[in-house]
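Thanks for coming, everyone. Please bring it up on your screens.

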Amino acid sequence: MSVRFNLFENEIAAKFAKRFANAGQVIVQSPLPRSTQELVSLRASQINGCGWCIDMHTKEAAAAGESAARLHLVAAWRESTVFTEAEQAALALAEEGTRLADAHRGVSDETWARVRKHYDDDQIAALVSLVALINAANRLAVIVHQRGGSYEAGMFAAALG
């Protein structure tokens with residue numbers, strides 16, 4: 001499977017990517033912990049089968065000091081002891097917010113209550129926005145077959161700089 005279309009070389013796609021990345025900066029600069037941001041992005045990307053985003057967020061998280069054990073266990077976070085209750089709430093929201101078509105009600109009241117317990121309004125705004133943003137990014141990359149494996153930490157930020 002080869003890349004169908006290079007989103008980084010097309011003028012319109014490049015303009016969109018720059019604006020998309022700027023929207024992402026709102027989340028990066030929010031009070032939502034960076035480790036939570038990367039774990040949520042990684043989990044949604046795993047569900048969506050986005051190799052490019054899995055590659056990116058695994059490497060960005062590792063570069064920011066995330067442990068290999070935690071990164072390896074994101075896919076099985078419910079069966080792990082390495083995530084805090086707050087991180088578990090964020091991962092549950094990421095899963096339910098990503099699998100909207102799989103559940104007629106979307107995010108459950110139980111998950112929402114867990115998120116409210118651990119995050120303030122600004123963090124929740126960032127978390128909800130992040131789930132929406134990573135799902136959009138996954139769709140962009142999967143549609144054009146942007147494959148994982150060649151990403152290096154900091155590469156996306158440098159390309160848009």
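This is a predicted model: local features need pLDDT of at least 70, side-chain atom pairs count only at pLDDT 80 or more; totals for chains, interfaces and linings use all residues.

Now, is glutamate 38 buried or exposed? Its relative accessibility is 6%. Buried means under 20%, so glutamate 38 counts as buried.

Let's step back to the whole chain. The protein has eight helices. It has zero strands. Reading from the N terminus, the order of elements is α-α-α-α-α-α-α-α.

Next, overall dimensions. The C-alpha trace spans about 45 × 30 × 30 Å along its principal axes. What about the radius of gyration? For 161 residues, a compact globule would come out near 15 Å. The protein has 15 Å, so the two agree.

Two more figures on the whole protein. Of its 161 residues, 42% count as buried. Then take the contacts with a separation of 6 or more: 71% of them are between residues 24 or more positions apart.

On to a pair of helices. Look at α5, residues 85–98, and α6, residues 109–118. Their axes come within 9 Å. They cross at roughly 140°. Over 145 would count as roughly antiparallel, so α5 and α6 are oblique to each other instead. The crossing of α5 past α6 is left-handed.

Which residues meet there? On the α5 side we have Glu85, Ala86, Gln88, Ala89, Ala92, Leu93 and Glu96. On the α6 side we have Thr111, Trp112, Arg114, Val115, Lys117 and His118. Sorted by class, this contact of α5 with α6 has six nonpolar, three polar and four charged residues.

Last stop: histidine 145. Where is it? Histidine 145 sits in the loop between α7, residues 121–143, and α8, residues 155–160. Now check the backbone. Most residues other than glycine have a negative phi. Histidine 145 is not a glycine, yet its phi is positive, at about 60°. Is histidine 145 buried or exposed? Its relative accessible area is 18%. That is under the 20% cut-off, so histidine 145 is buried.

That's the tour. I'm happy to take questions.

Definitions and conventions:
Residues are numbered from 1 along each chain as its sequence is written. Side-chain values use heavy atoms; hydrogens and water are left out. Buried means under 20% relative accessible area, exposed over 50%, partly exposed in between (1.4 Å probe, protein chains only). Axes are lines fitted to C-alpha atoms, for helices over the stretch in contact, and angles run from 0 to 180 degrees between N-to-C directions. Helices (H or I, at least four residues) and strands (E, at least two) are DSSP runs, numbered from the N terminus. Angles under 35 degrees count as roughly parallel, over 145 as roughly antiparallel, 65 to 115 as roughly perpendicular and the rest as oblique. A crossing is left-handed if the near helix is turned anticlockwise from the far one by less than a right angle, and right-handed if clockwise. Contact means heavy atoms within 4.5 Å. Ala, Val, Leu, Ile, Met, Phe, Trp, Tyr, Cys and Pro count as nonpolar, Asp, Glu, Lys and Arg as charged, and the others, Gly among them, as polar. The radius of gyration is taken over C-alpha atoms; the globule rule is 2.2 Å times the number of residues to the power 0.38.
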